Amino acid sequence: MKELLKLNIDEFKTHFLGEVILPDDAGYDEVRQIWNAMIDRKPALIARCTSPEDVVQAIEFGRTQNLLISIRGGGHNIAGNAVCDDGLMIDLSLMKKVQVDLATNRASVEPGCTLGDFDKVVQAHGLATPLGINSTTGVAGLTLGGGFGWLSRKYGMTIDNLLSAEVVTADGSQLHASESENSDLFWGLRGGGGNFGVVTCFEFQLHPVGPNVLSGLIVFPFDQAKPVISQFAQFTETMPEELNVWMVTRKAPPLPFLPEDVHGKEMVALALCYVGDPKEGEKLIEPLRGFGTVLGEHIGVQPYIAWQQAFDPLLSKGARNYWKSHNFSQLSEGVIDAIIEYAARLPSPQCEIFIGTIGGQTANVSPEAMAYSSRDANYVMNVHGRWESATEDEHCITWAREFFAKSQPFASSGAYINFLTQEETDRIAFAYGATWNRLVELKKKYDPTNLFRMNQNIKPE
């Protein structure tokens, strides 16, 4: 069997223009490694694609050899579905072109791009689209799961700005998907994850942003968490769409604007970004400083690109990560109390609980307009467990699960598919809500054998 597979791989290499990496090859361990160090899988081979034609060849090989297939874009997804054991890993990370059409304010983006790759090109023209908060995140995975970031209150979800996609489906067909062509596939791609094919190019609508924005952090002592988070909840319900404020509670990292005696102690931070005239933004954010005793702040006008990279040091590759997430339409006293209770006993210095504020334009789309349906989610909470050693696994995971259960009664419908871990298959239908049945039918049409199943899987049954 191994000899036959070896012969088949040799034949595959003669048609494949990218790079094929096998377990004994130099670079194998580096290429298979992804962001979450809890994932340590070993594919039988890695096909590093450089073009849509390479993707077609790789899918054809995987299908005919009956191999499990995983798709890697940025490799940042918490569930680790980018890499599989004993199968074929299709690696798109070499496909990193970004092209901007200034006549239409549109960008064409290949699937290996990170947010940093994308922002660097489009921000040269003072343009952007809503894409996450961490520059090392992959554009492809973030987009296919819905996508949101600092700009979402003003300009919507990432998928609300997706205009078209080039897709290779399970049978090797190359399709253009948009509102006017293969519209059912386009509907499913906008939130359906990698269930329907491999996207080889995304086309986004761009918006004027920056290149400088008012942004930064305000830090409060943890013993004032209740009034600070309560006022945050009230403030974010009525703030203008140009302003976004998120909340995070964790142990304070050694930030230079914080007193040394605060480092390593629990704190509450408000992170903000204002897309508009900074002078107007300063007036709008002034009330935030009155939420409590400010331990330190670092707010100013800086490049949007720099703000997109601000949290990269806290989200670097190589740590062990475990997430749990809820959507909320509002932040009730019950969930605020639960946040404070569990933030008071963080199991590691890197663990945190954050509330990402969306709403605004994200709510102005019908729940059934595309696969992502959680349009009543004004807040997305992530319980971010993060630590260094496997000996800490049980303690940190238990903490995250217990807090998830404690906060669940206050959550709204649906869940953000990009924040689900590999074990949460029982939450996939719940996450999609009103669009689930249509997604199953779409899966039957475009991937009836479930070739693409290394994902938050929609089974064709």
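Modeller: A contact means heavy atoms within 4.5 Å. This is a predicted model, in which local features need pLDDT of at least 70 and side-chain atom pairs count only at pLDDT 80 or more, while totals for chains, interfaces and linings use all residues. Residues are numbered from 1 along each chain as its sequence is written, and side-chain values use heavy atoms, with hydrogens and water left out.

Biologist: Which strand holds phenylalanine 202, and which residues does phenylalanine 202 touch?

Modeller: Helices (H or I, at least four residues) and strands (E, at least two) are DSSP runs, numbered from the N terminus. Phenylalanine 202 belongs to strand E10, residues 198–205. Not counting residues up to four places away in sequence, phenylalanine 202 touches Ala107, Ser108, Val109, Pro111, Ala140, Thr143, Leu144, Leu162 and Ser164.

Biologist: Is phenylalanine 202 buried or exposed, and how many residues of E10 are buried?

Modeller: Buried means under 20% relative accessible area, exposed over 50%, and partly exposed in between, with a 1.4 Å probe and protein chains only. Phenylalanine 202 has 1% relative accessibility, so this residue counts as buried. E10 is mostly covered, and the number of its 8 residues that are buried is 6.

Biologist: Which strands pair with E10?

Modeller: Two strands pair if DSSP finds at least two bridges between them. With E6, strand E10 forms an antiparallel pairing over 4 bridges, in which arginine 106 stands opposite glutamine 205. An antiparallel pairing over 6 bridges joins E10 to strand E8, residues 162–168, and there valine 168 has valine 198 as its bridge partner.

Biologist: Which residues have the most contacts inside the largest nonpolar core?

Modeller: A nonpolar core is a set of buried Ala, Val, Leu, Ile, Met, Phe, Trp, Tyr and Cys residues joined through side-chain atoms within 4.5 Å. The largest one has 75 residues. A second, separate core has 45 residues, including Met239, Ile340, Ile353 and Ile397. In the largest core, the residues with the most contacts are Val109, Phe118, Val139, Phe148, Trp150, Leu189 and Val209.

Biologist: How many aromatic pairs are there?

Modeller: Rings of Phe, Tyr and Trp (its six-membered ring) pair if their centres lie within 6.5 Å; planes under 30 degrees apart count as stacked, over 60 as edge-to-face and the rest as tilted. Some of these pairs link Trp35, Phe148, Trp150, Trp246, Trp307, Phe311, Trp323, Phe354, Tyr416 and Phe419 into a cluster. By this rule, the count of aromatic pairs is 19.

Biologist: Why is the pair of phenylalanine 118 and phenylalanine 204 called edge-to-face, and how many residues apart in sequence are the parts it ties together?

Modeller: The ring centres of phenylalanine 118 and phenylalanine 204 are 5.9 Å apart and the planes are at 75°, so the pair is edge-to-face. Both phenylalanine 118 and phenylalanine 204 are buried. Phenylalanine 118 lies in helix H4 (residues 115–122) and phenylalanine 204 in strand E10, so the parts tied together have a separation in sequence of 86 residues.

Biologist: What kind of pair do tyrosine 342 and phenylalanine 403 form?

Modeller: Tyrosine 342 in helix H11 (residues 333–343) and phenylalanine 403 in helix H12 (residues 393–407) are 61 residues apart, and their pair links distant parts of the chain. Both of these residues, tyrosine 342 and phenylalanine 403, are buried. Their ring centres are 5.4 Å apart and their planes are at 45°, so the pair is tilted.

Biologist: How many disulfides does the search find, and how far is the sulfur of cysteine 351 from the closest cysteine sulfur?

Modeller: A disulfide is a pair of cysteine sulfur atoms within 2.5 Å. The search of the whole structure finds 0 disulfides. For cysteine 49, the nearest cysteine sulfur, that of cysteine 84, is 13 Å away. For cysteine 351, the closest cysteine sulfur is in cysteine 396, too far for a bond because the distance is 4.4 Å.

Biologist: Which side chain makes a polar contact with the side chain of lysine 251?

Modeller: A polar contact is a pair of N or O atoms within 3.5 Å; within protein, one must be able to donate a hydrogen and the other to accept it, and residues adjacent in sequence count only if both atoms are side-chain atoms. Lysine 251 lies in strand E13, residues 243–251, and at 18% relative accessibility lysine 251 counts as buried. At 2.8 Å, its side chain makes a polar contact with the side chain of glutamate 266.
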